[in-house]
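Thanks for asking me to look this over. Below are some points to read with the structure open beside you.

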Amino acid sequence: MIVTYLGHIVHIAGAPDVTGAREALATFPDGALIVDDSGVITYCGPRQDAPATGTVVDHRGSFLLPGFVDTHMHFPQTYSLDAYGGGQLLEWLDTCIFPAEARLADPVFAGRIARDFVAARIRSGTTAAMVFGSAFPDAQDALFTETERAGLRLVSGRGVQTVGPPSAAPLMTSEERAIELCAAEIDRWHGDDSSLLQVAVVPRFTLSMSTRTLAALGELYDDVRGRGVFMHSHLNENNRPGTGEIDAVKSLFSVNSYLDTYDGRFLPGSAVGGSSLLGRRTIMAHAVHCTDTELARMAETGTSIAHCPVSQQFLGSGTMPWRRTVAAGVNVAAGTDVGAGDEWLIPQVLGCAFKVHLSEPGDDAVALHPAELLFTGTLAGARALDAESRFGNFDAGKEADFVVVDPARWEPLELLLSNGIRAEDDEMARDQLLFALLLGMREPAITGVYVRGARVVAPS
Ligand SMILES: [Zn+2]
């Protein structure tokens, strides 16, 4: 069935990088989005120019935006948002997170948390996501099963941990077992690029790895990279001197940089000890405190960054330097980092990004354009998932992943959009409207979520 969706359409057209997002912003206040029976977009533009075809679904009064892409979120932390008592990263993991994640060993609990995780993604319009998984295979099975039932896109992999503090013991396995479980998950759930479900190799972070594990993961990734398997981990998040994550990595491994440990150079002096885990299907979360060399290496390998400012504020991690990171040419997408991030909604992450980067010191301060924000939460995410040819905007030929945002369903947003001051200049007025839409949006305003043209339904 061919369907024409009417509404106020906003997206980033074409394939710009973030510096070209402003010019690529396309808006059609009286727009039409036509989707064919295989879920592919055949037209996006003004309603008056749209070919008359198929069924019409009238969302006038609402906005149609590309589905939000969350490039870093933790499924086992669904109930761990706003967990108090943890201090910064390493204390928070020890006190709040490892014990919470251990509860997923119970398959009944795992089934419940998987349903609630999927429901939260639907509420917040997150149509595609890179999801940090549970250590427990039954819990991962529940996550993939519930996601498939709902019809969302998912890349996920079990969280690998072979060393750690006593609180992490329930999450740890031997090196051999870790590789066995990863390989089994790939065989069970990894689909090709026509599938909504794909798998990643997911070491929690370098401090959860031995050099033997890093070497074994490199061998595994060499074997499965050709099948389109992803890689996901954390990088340069907490730099508290002496006891923080980055100093701990450098002193334990005697490497020159944190990134080296994921790049096969995890032996003392950053000597090569195995294969690199970097590439076009690799996403590193945070990257707050990178050196220029690390940023250049990520750009060179096509590795993306999941930028998680809400989480970085929650754990006191600092702020990824926007100008320097973007100037290095590395793709920066948005991540909630649920549960250190205490927002499920990608537009809230984008609003936070606006605030923290405007607050960077001196000449580093930057007022991100609303089109750059929208780009970061949609097309950059699709690029990070190496799926830009399939979704991320409304270009003809892409699969129709979109959200319907109805301001009438969230009065604070309605009041902003109806009464906010607008410039006389049309382009500035358009930008002001988009900015208010993104920052003022909350979950209740999202009234429809579509993946590949099919409406996504919450698990019951
Ligand atoms: Zn994280």
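Where does Asn236 lie? Asn236 sits in the loop that runs between strand S10 (230-235) and helix H7 (245-253). Do keep in mind throughout that this is a predicted model.

1. **Asn236 and its backbone.** Asn236 is worth a click for its phi, which is positive at about 45° although Asn236 is not a glycine. The residue is also hidden from the surface: with 2% relative accessibility, Asn236 falls below the 20% cut-off and therefore counts as buried.

2. **The loop between S13 and H11.** Please look at Asp337 next, in the loop between S13 and H11. Asp337 has a phi near 55°, again a positive value in a residue other than glycine. Its relative accessibility is 3%, so Asp337 counts as buried. The loop between strand S13 (332-334) and helix H11 (346-358) also holds Gly339. The peptide bond that leads from Val338 to Gly339 is cis, and its omega is near 5°.

3. Is Ser134 buried or exposed? Ser134 is buried, because its relative accessible area of 1% is under the 20% cut-off. You will find Ser134 in the loop between strand S6 (126-132) and helix H4 (137-150). Its side chain reaches the backbone nitrogen of Phe136 at 3.0 Å. Leaving aside residues up to four places away in sequence, Ser134 touches Phe75, Pro76, Leu104, Ala139, Gln140, Arg158 and Gly159.

4. **Helix H4 itself.** Why does the length of H4 agree with expectation? At 1.5 Å a residue, the 14 residues of H4 should span 20 Å, and the end C-alpha atoms are 20 Å apart, so the two values agree. Among the buried residues of H4 are Ala139 and Gln140, and both of these are also touched by Ser134. Other buried members of H4 include Asp141, Leu143, Phe144 and Glu146. The buried residues of H4 pack against helix H3 (107-123), S6, strand S7 (154-157), H5 and strand S9 (197-203). Just after H4 comes Gly151, with a positive phi of about 95°.

5. **Leu181 in H5.** One of the elements that H4 packs against is H5, and Leu181 belongs to this helix (residues 175-189). Leu181 has 12% relative accessibility, so Leu181 counts as buried. Beyond residues up to four places away in sequence, Leu181 touches Pro137, Arg158 and Thr173. Arg158 is a contact of Ser134 too.

6. **Leu93 in H2.** Leu93 is part of helix H2 (residues 89-102). At 5% relative accessibility, Leu93 lies under the 20% cut-off and so counts as buried. Not counting residues up to four places away in sequence, the contacts of Leu93 are Phe98, Pro99, Arg204 and Phe205. For a sense of scale, the C-alpha atoms of Leu93 and Asp187 are separated by 30 Å, with the two residues 94 places apart along the chain.

7. **The largest pocket.** This pocket holds about 250 Å³ of space. Its lining is made of 14 residues, and those nearest its centre are Arg280, Gly302, Ser304, Asn331 and Arg383. Sorted by class, the lining has 4 nonpolar, 6 polar and 4 charged residues.

8. **The second largest pocket and H15.** Here the space is about 180 Å³. Which helix gives the most to the lining of the second largest pocket? Helix H15 (residues 426-440) does, with 5 residues. Among the lining residues are His369, Pro370, Leu416, Met428, Asp431 and Ala436. By class, the lining divides into 6 nonpolar, 3 polar and 2 charged residues. H15 has 15 residues and reaches 21 Å from its first C-alpha to its last, close to the 21 Å expected.

Technical notes
Residues numbered from 1 in each chain as written. Predicted model: local features only at pLDDT ≥ 70, side-chain atom pairs only at ≥ 80, totals over all residues. Heavy atoms only, no water. Helix = DSSP H or I, 4+ residues; strand = E, 2+ residues; numbered from the N terminus. Buried < 20%, exposed > 50% of the residue type's maximum accessible area, 1.4 Å probe, protein only. Polar contact = N/O pair within 3.5 Å; in protein donor to acceptor, adjacent residues only side chain to side chain. Contact = heavy atoms within 4.5 Å. 1 Å grid on protein atoms, 1.4 Å probe; cavity = no way out; pocket = protein on both sides within 12 Å on 5 of 7 lines; lining within 4 Å. Points joined across faces, edges and corners; volume = space filled by probe spheres on them. Nonpolar A, V, L, I, M, F, W, Y, C, P; charged D, E, K, R; others polar. Expected span 1.5 Å × (residues − 1).
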